[in-house]
Amino acid sequence: MLQIDPLPDNAGLGVIGEISVNTRTVWQQTLKQLAERRTAVLHVDLSRVRFVDVAGVTDLAVTAQRLPEGQRIVLHRPPAQVPRILELFWPGLAAIEVAA
């Protein structure tokens, strides 16, 4: 199951649950809607996500690559595998920042 809620104090989303094959369609739709926002920084709180598969991280990276110049996604407290996968497959992707 995947629950996605707007963040009360930032332009972004809070995500709860797992991002996997079972929730990928919802995750992709959510990222598409997030990318349509025209704020410089898009926040995604992943602190309550238990698992993200490689496809879910790929969706994040592809979304970030498609952002207009100057816009970026800040991931707040993602599961440990997310930064590792990003660094392995998309090293130096400037449009994604991982915040502890």
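Predicted model: local features only at pLDDT ≥ 70, side-chain atom pairs only at ≥ 80, totals over all residues.
Helices here are DSSP runs of H or I with at least four residues, strands are runs of E with at least two, and both are numbered from the N terminus. Buried in α2 are Gly56, Val57, Asp59, Leu60, Ala61, Thr63 and Ala64, where buried means under 20% relative accessible area with a 1.4 Å probe, protein chains only. These residues pack against β2, α1, β3, β4, α3 and β5 (96-99), a contact being heavy atoms within 4.5 Å.

As for the nonpolar core (buried Ala, Val, Leu, Ile, Met, Phe, Trp, Tyr and Cys joined through side-chain atoms within 4.5 Å), the largest one has 27 residues, and Val15, Ile19, Trp27, Val44, Leu46, Leu75 and Leu86 touch the most other members. At least two residues each come from β2 (12-19), α1 (24-35), β3 (41-52), α2 (54-65), β4 (72-76) and α3 (81-89), with β3 giving the largest share, 5 residues. Leaving aside residues up to four places away in sequence, Ile19 touches Leu2, Trp27, Leu46, Val49, Phe51, Val52, Asp53 and Gly56.

Overall, 3 helices and 5 strands run β-β-α-β-α-β-α-β from the N terminus. Of the 100 residues, 46% count as buried.

Numbering starts from 1 along each chain as its sequence is written, and side-chain values use heavy atoms, without hydrogens and water. Local features need pLDDT of at least 70 and side-chain atom pairs 80 or more, while totals for chains, interfaces and linings use all residues.

How values were computed: Buried < 20%, exposed > 50% of the residue type's maximum accessible area, 1.4 Å probe, protein only.
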